[in-house]
Amino acid sequence: MVFLSGSSISQQLLLPNPCMSNNTPSLLNEIPEIDLADPHAKTLIVKASQEFGFFKLVKHGISMDLIADLEALALNFFAIPQDHKDRAGPPDPFGYGSKNIGSNGDVGWIEYLLFNLNPEVVSPKSLTIFQENPENFRCAVEEYISVIKKLSCQVLELMAEGLGIEEKNTFSKLLRHEKSDCVFRMNYYPPCEDAEEQLIGFGEHTDPQMISVLRSNNTSGLQICLKDGTWVSVPPDNTSFFVNVGDTIQIMTNGRFKSVKHRVVPDTSRSRLSMIYFAGIAFNEKIRPLPCLMTNQERSLYKEVTWFEFKNTSFKHRLSSNRIALFLKSPPSHIN
């Protein structure tokens, strides 16, 4: 694997450290844990989405064998010779990629596979991934996506119930739409044992979709940013799922829910593999604060925009940009 090539790339991979002490963020020891069978789950999810924009799903009922099988197949792919992996790249933006993240100059200590799940988007690179690998890889990916989509719908319905929305499928029906723009991503972070300074695996950002459902192996690296700007490390848990609130839900709740800023740093001795399902909506679907959540005299904070417009505008900016601020009715004078 070739990740570093010259001082400019090396400098881009170094982790910025404006609010951390000795490059070691404190552990987030009080992660909100949600058992979907808990009668208080909807209340706990709303509280976590408001305070952190992040929570952990435990006792989720998804087979660990299914997860382990897919993880093994993914690791097999990342272990094959580079020239074989390169047949599924460069990404379009789907397919296989390494180091470069997107088209705006973001780089990371990472290899990844990005799968398109939107039937309206044709991606030959996504198909190449399966053509270059055994058929059971495709079957495992499709089975995993199917169960994670159902899990995502459960979470979205509990969100709606917890917010007091009469139609509990208000969010989940957007995900179930036949043309919902969902994405599945596998990130592989090799150990960086020779690095003298802490490197970026995946730079700080928020996810633009409704929610993201993350599963990773038992290797640390995920960090989230709290409301006060402090970065904290999330202890790994390979038996649970983590849920990130995304920009779309923040807008639909008129800011009640927090789209969590997060990043990944690679481990010094162990590789990290994460699998993320991004629950998106159809291109022509409009994103706007829900009228049923608007109290008397409450003003809509965000402009009405389609997912297609939101996505296209957001992805023209760097990962670390405050992209959701672009859609505020009274945006800041400068977007970082």
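Gln223 is buried, with a relative accessible area of 2%, where buried means under 20% relative accessible area, exposed over 50% and partly exposed in between (1.4 Å probe, protein chains only). The residue belongs to strand β9 (residues 222–225); strands (E, at least two residues) and helices (H or I, at least four) are DSSP runs, numbered from the N terminus. The model is a predicted one, in which local features need pLDDT of at least 70 and side-chain atom pairs count only at pLDDT 80 or more, whereas totals for chains, interfaces and linings use all residues. Residues are numbered from 1 along each chain as its sequence is written, and side-chain values use heavy atoms, with hydrogens and water left out.

Leaving aside neighbours within four places in sequence, Gln223 is in contact (heavy atoms within 4.5 Å) with Pro25, Trp231, Val232, Ser233, Lys261, His262, Arg263 and Val265. Val265 is 42 residues from Gln223 along the chain, and the C-alpha atoms of the two are separated by 7.8 Å. Ser216, in strand β8 (residues 211–216), counts as buried at 2% relative accessibility. With neighbours within four places in sequence again left aside, the contacts of Ser216 are Asp237, Asn238, Arg272, Leu273 and Ser274.

Across the protein, the secondary structure comes to nine helices and 15 strands. Of its 336 residues, 53% count as buried. Among contacts with a separation of 6 or more, 74% are between residues 24 or more positions apart.

The largest nonpolar core has 69 residues, and those with the most contacts inside it are Phe137, Met159, Phe171 and Met186. Such a core is a set of buried Ala, Val, Leu, Ile, Met, Phe, Trp, Tyr and Cys residues joined through side-chain atoms within 4.5 Å. Helix α6 gives the most to this core, with 13 residues. Beyond its neighbours within four places in sequence, Phe171 is in contact with residues including Leu156, Met159, Leu163, Met210, Ile249 and Leu290. A second, separate core of 23 residues includes Leu28, Tyr112, Leu222 and Val260.

In helix α2 (residues 41–51), the buried residues are Ala41, Ile45, Val46, Ala48 and Ser49. Viewed down the axis of α2, these residues fall within an arc of 165°, so they line one face of the helix; the arc is that of the directions from the helix axis to the C-beta atoms. Thr43 and Lys47, on the other side of α2, are exposed. The cover over the buried residues of α2 includes β2 (33–35), β3 (54–58), α6 (135–162) and β11 (241–245). Just after α2, Gly53 takes a positive phi of about 70°.

The axes of α2 and α6 come within 8 Å and cross at roughly 90°. Axes are lines fitted to C-alpha atoms, for helices over the stretch in contact, and angles run from 0 to 180 degrees between N-to-C directions. The helices α2 and α6 are therefore roughly perpendicular to each other; angles of 65 to 115 degrees count as roughly perpendicular, under 35 as roughly parallel, over 145 as roughly antiparallel and the rest as oblique. Their contact is made by Ala41, Lys42, Ile45, Val46 and Ser49 of α2 and Leu158, Met159, Glu161 and Gly162 of α6.

Helix α3 (residues 64–79) packs with α6 at an angle of about 135°, with their axes 10 Å apart. The pair α3 and α6 is therefore oblique. Residues making this contact include Leu66, Ile67 and Leu70 of α3 and Phe137, Ala140 and Tyr144 of α6.
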